[in-house]
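Biologist: Could you take me through this model, starting with how the helices pack?
Modeller: Gladly, and I will set out the terms as we go.

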Amino acid sequence: MGTPQYSLYRLAVAVHGHDPGSAERFVDVDRIARAASETIAADYLEHEPRAGQVLEALGQGSARTTAARALKPLVAQRVRAEMAKNGS
């Protein structure tokens with residue numbers, strides 16, 4: 001454990017050292033994926049209201065929640081892939 005400043009220093013060292021595994025220790029990928037998924041789902045359903053109607057007609061609950069839940073693993077995988085790509 002250390003100070004927030006030390007944690008930022010270690011994150012910077014990991015990024016500059018092209019070490020995505022170490023960088024991920026300082027980044028909450030799941031939280032980023034959840035927030036991004038919610039935003040993506042909301043934007044999509046705003047522009048494609050019929051998709052939301054179909055999901056709700058299928059009894060899947062809130063279309064936004066269902067879509068965000070389906071997107072989250074894909075978004076998390078993409079965030080990790082981008083971290084690895086930028087770290088190599």
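Modeller: Angles under 35 degrees count as roughly parallel, over 145 as roughly antiparallel, 65 to 115 as roughly perpendicular and the rest as oblique. Axes are lines fitted to C-alpha atoms, for helices over the stretch in contact, with angles from 0 to 180 degrees between N-to-C directions. Helices are DSSP runs (H or I, at least four residues), numbered from the N terminus. This is a predicted model, where local features need pLDDT of at least 70 and side-chain atom pairs 80 or more, while totals for chains, interfaces and linings use all residues. Residues are numbered from 1 along each chain, and side-chain values use heavy atoms, without hydrogens and water.

Biologist: At what angle do the axes of α3 and α4 cross?
Modeller: The axes of α3 (residues 29-47) and α4 (residues 49-57) cross at roughly 105° and come within 5 Å, and the two helices are therefore roughly perpendicular to each other.

Biologist: And which residues make the contact?
Modeller: With contact meaning heavy atoms within 4.5 Å, α3 contributes Tyr44, Leu45, Glu46 and His47, and α4 contributes Pro49, Ala51 and Gly52.

Biologist: New topic: which residues make up the largest nonpolar core?
Modeller: That core has eight residues, namely Ala14, Ala23, Val29, Ala33, Val75, Ala76, Val79 and Met83. A nonpolar core joins buried Ala, Val, Leu, Ile, Met, Phe, Trp, Tyr and Cys residues through side-chain atoms within 4.5 Å, buried being under 20% relative accessible area with a 1.4 Å probe, protein chains only.

Biologist: Which element gives the most to it?
Modeller: α5 does, with four residues.

Biologist: What follows α1?
Modeller: His18 follows α1, and its phi is positive, near 55°.

Notes
Buried < 20%, exposed > 50% of the residue type's maximum accessible area, 1.4 Å probe, protein only.
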